[in-house]
Amino acid sequence: MDELTSAFTSGLGFKSKETLASTHSSLHKIKGTGLSSQEERRRQNLEIQKEKRKDYLSQIRQLVESDEEDDGQMDISSSKNERRKPKRYMANQLMFSEWLVDVPPDLEENWCMVACPKGKRCLITTSRGNTRAYRKSGYCFKRFPSFLPAGHRRLAGEGKSVILDCIFNEERKIFYVLDVMCWMGHPVYDSDTEFRFFWLQAKFGDVPKVSQTASGNPYAFLPLPSYTCSKSTMESVMSRKLPFEAELDGILLYHKHTHYVPGSTPLVGWLKPWMLPGVLGVTIPQSYLDAKPPNEPWKPPVEATSEMECSEQKNGIDAQTEVVTG
């Protein structure tokens, strides 16, 4: 676990959960006026990034120092035969979007877009020859080998830990990679979006075998491309074949200078495909308009934030971790 410990703690200061919660809350309100505009909160977030390096992973030290054998499974008490929920130190470590309610005035200059396939958001970690996939709740729902650095027993000594933000498509056995937070022990949480996206593509270019399923790599990992947010580029992306076979879920829009901050942030926007014409004035194929479910709105709800679909058990009890041997 030394690699993960180093990845999460190197150069980063830890804060208590209470302090982080109050900081996050303050970014969503202006004193005496309730919720501020989305654009104002974007400005506040960017200013705070400039002033101080922030770390929202207050419980990661506990995770990396704990037993790897747990994997988020239920603990059975021998005395009372009671099922107890495990501690989930990986809970709430993904960065989520808000609905794009206020269109940024600098959209073309300072934002980029990622087309997202349907699937479940998850956190991927590798360490000492194991690859683990975690839900938003912190539950480890898969443990398997992979050709990612430190993700397979044959590669355990060849590289340090990797931490990725992914969308998992079960049907196609693919983890679509949205973002990178750590690669071979080098954390990039406090790097801006442009650098993280560049690094993501560059590093995956070094491990081409990870993009194909094979013995020892039962799930493919495919990094998603990003594009500028000019009207012409967005229309071009929407009109041509997408870089994945799965169905399009929506569009994420990232501010180019935002760091990777767990929790929802106004510096990442989310739109369904059929919302692009009404919100951004982007022309899209008729097929996307026809695909809108009858009960879905044409524009994002003003009072709600959005968290891209995550895999959550409705009954509050998770099944056991699926162990795939590859």
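## Confidence

Contact here means heavy atoms within 4.5 Å. Residues 9–35 also stay under 50, with 45 contacts beyond four places in sequence. The protein chain averages a pLDDT of 79, and 70% of the residues score at least 70.

This is a predicted model, in which local features need pLDDT of at least 70 and side-chain atom pairs count only at pLDDT 80 or more, while totals for chains, interfaces and linings use all residues. Residues are numbered from 1 along each chain as its sequence is written, and side-chain values use heavy atoms, with hydrogens and water left out.

## Nonpolar cores

A nonpolar core is a set of buried Ala, Val, Leu, Ile, Met, Phe, Trp, Tyr and Cys residues joined through side-chain atoms within 4.5 Å. Buried means under 20% relative accessible area, exposed over 50%, partly exposed in between (1.4 Å probe, protein chains only). The largest such core holds 52 residues; L253, Y254, L276 and L280 have the most contacts inside it. Among the elements that each supply at least two of its residues are strand 5 (95–99), strand 6 (111–117), strand 15 (248–255), helix 7 (231–239) and helix 8 (276–280). Strand 6 gives the most, with six residues. Helices (H or I, at least four residues) and strands (E, at least two) are DSSP runs, numbered from the N terminus.

Y254 has contacts beyond its neighbours within four places in sequence, including M95, W111, C112, V114, L178, F197 and L267. Apart from this core lies another, of 25 residues, including V162, F175, W183 and W199.

## Helix 7

Helix 7 buries M234, V237 and M238. These residues lie on the same side of helix 7 because they cover an arc of only 95° around the axis. The arc is that of the directions from the helix axis to the C-beta atoms. An α-helix has 3.6 residues a turn, so residues three or four places apart point the same way.

The buried residues pack against strand 6, strand 14 (227–228), strand 15, helix 8 and helix 9 (286–290). On the face turned away from the buried side sit the exposed residues S232 and S239.

## Cysteines

A disulfide is a pair of cysteine sulfur atoms within 2.5 Å. By this rule the count is zero. C229 is in no disulfide: the nearest cysteine sulfur, that of C112, is 6.4 Å away. C229 is buried, at 2% relative accessible area. C116 is buried too, at 0% relative accessibility.

Terms used: pLDDT = per-residue confidence, 0-100.
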